[in-house]
Amino acid sequence: MEKLLSTKRELKFVPECYKLPPDCRPGNTIVPICEFIPVIDFKEEQPKLIHQIIHASKQYGFFQLINHGVEEKLLKDVLDVAKEFFELPGDEEKERLCCDMNHVKLNNRKLLTSIDYMNESLHYWRDALRLPCLPLQNNIQFWPQKPPIFREVIGSYSVEVRKLSMRILDLISKGLGLENGYFYNKSELCNVHIITLNHYPPCPDPSLTLGLPKHSDPNLITLLLQQMDGLQILKDQQWFALKPFPNAFVVNVGHILELVNHGIEEKVLEDVLKVSKEFFEIPIEEKAKFLSDDPLKSCKIFTSIDYPNEDVHYWRDALRHPCHPLHQHIQFWPQNPPQYRDVVGAYTVEVRKLSMYILELISEGLGLEDGYFENNGELVEAQLMGINHYPPCPDPSLTLGLPKHADANLISLLLQEMDGLQVLKDDQWLALKPLPNAFVVNIGHILQIISNGKLKSAEHRVVTNKNVVRTTIGNFIYPSHSCKVEPANALTSDDDNPPLYRPFFYKEFLGTFIVDTYQRKPPLQRYMLQLQ
């Protein structure tokens, strides 16, 4: 309870534990007002509304929403009751809400300060009350009873704001070309609803600390109700202040939605799938120019995985070639179909940008330094593209397109059109249904090691189809062979978080990965440290 900022009346200075390092402080720099984030009128005709929401989500990830249908009185009441709650004196109820401050669970109601106070070395200038809301009847009895109208007001607000959130998601699904009612039908995607009341007390020196650090939201969509300045948005490495509109919601697209709404043009995706299919349809003598079992050949077509050394083969042909830097590799790629180099070259540039953006978000979520992967260039030096061709199989029950495995790289982005990919979860295989123009993003072994086990590489396999050809395009970000791989120092800097893996050079790992995969042994086991 004593940790809450709201209990520290009339602070005259910023405590040391709230002072950020100089390069992380906001300082006294004047931040320009954001003029580019769209203000969208929810009363617009639906086609125009969908276009505006999709454009804003792709370009900025943010927009402000007016005329949204939630009554002005309800918005005023919820702001008033939130302020009243934080003005309450300390009592048994507040103590009870605070007692679980050191346990972060998604569905817990709790009163907290900063983000993860018990595990942080530096804190942020915020108190917050977090409340699960869905289903309301199962949660409302655990909410505060003071102020007396708290449950009634916040309950009504949570119902209305969820309705609005689902309407926005429905418009987004239509704009992305998904099936009608996509988010309603896939209820597990949106079956958790949290309301957070943020309280930022006056700060004696705002140049030294932040209310919240730079971050993106780890959910589908966020609706923020605010009355005054404070929220800032990063665009092209420049911070901009978002000026509130009266009674408007700030709508923020979270990480979970970004991978569908990823910013690569639909035509680029259509063209690369088309030219990939055309490559496998060209005459065999043309493809034979690239046919090779040599593991050292950079651009090659091959069958199964390692045909000469396998006892049993897999139902797949594949074209594989390096992509980065593009000018060093493109001259070795196929020239038939004639547009292959132009189309695939443009695609690899865009998908690398997206991969690096996702890695930057991951590094931010892990608490690593800004630009961690860009600054450690050897970790992301190599980019490989693999076009997989799975012909129709007379009896899919007898074979696989690819066996159970996890990827030996940092991150993989897979473009697919039809079923075939399966993921292992709790010893059960689950089919991953493709979304139109979406990427499947897969964490590889190397990212699991860098994260010191916080992220997990996913085991997956590919099944075959009796009637149709399946073509997929994988993009893989790898370290250089000479790169030293180990857990990030920032994640192993104290006794509570010892390194789980020993350092090694990536070339060594590639060799043992192939052997272990063939022998069906866990590829990371030989690199794990035996902790006492």
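**Exercise 1. Which residue forms a salt bridge with Glu 16, and how far apart are the closest N and O atoms?**

Start with the ground rules. This is a predicted model, where local features need pLDDT of at least 70, side-chain atom pairs count only at pLDDT 80 or more, and totals for chains, interfaces and linings use all residues. Residues are numbered from 1 along each chain as its sequence is written, and side-chain values use heavy atoms, with hydrogens and water left out.

Step 1. Recall the term: a salt bridge is a side-chain nitrogen of Lys or Arg within 4 Å of a carboxyl oxygen of Asp or Glu.

Step 2. Find the partner. Glu 16 pairs with Lys 19, and the closest N and O atoms are 2.9 Å apart.

Step 3. Check the cover. Buried means under 20% relative accessible area, exposed over 50%, partly exposed in between (1.4 Å probe, protein chains only). Glu 16 has 57% relative accessibility, so it counts as exposed. Lys 19, at 24%, counts as partly exposed.

**Exercise 2. Find the salt-bridge partners of Lys 289 and Glu 508.**

Step 1. Lys 289 bridges to Glu 286, with 3.2 Å between the closest N and O atoms. Lys 289 is exposed at 53%; Glu 286 is partly exposed at 21%.

Step 2. Glu 508 bridges to Arg 502, with 2.9 Å between the closest N and O atoms. Glu 508 is partly exposed at 35%, and Arg 502 is partly exposed at 27%.

**Exercise 3. Work out the strand order of the open sheet of 4 strands.**

Step 1. Helices (H or I, at least four residues) and strands (E, at least two) are DSSP runs, numbered from the N terminus. Two strands pair if DSSP finds at least two bridges between them.

Step 2. Read the order: S1-S2-S9-S6, with mixed pairing.

Step 3. Look at the edges. S1 (39-41) and S6 (221-225) each have a single partner strand, so one side of each lacks a neighbour in the sheet.

Step 4. Take one pair. S6 and S9 (residues 249-253) are antiparallel over 5 bridges. Leu 225 stands opposite Phe 249 in S9.

**Exercise 4. Is Val 253 buried or exposed?**

Step 1. Locate the residue: Val 253 is in strand S9.

Step 2. Read its relative accessible area. The value is 4%, so Val 253 is buried.

Step 3. Compare sequence and space. Val 253 and Thr 222 are 31 residues apart in sequence, and 6.6 Å apart in space, C-alpha to C-alpha.
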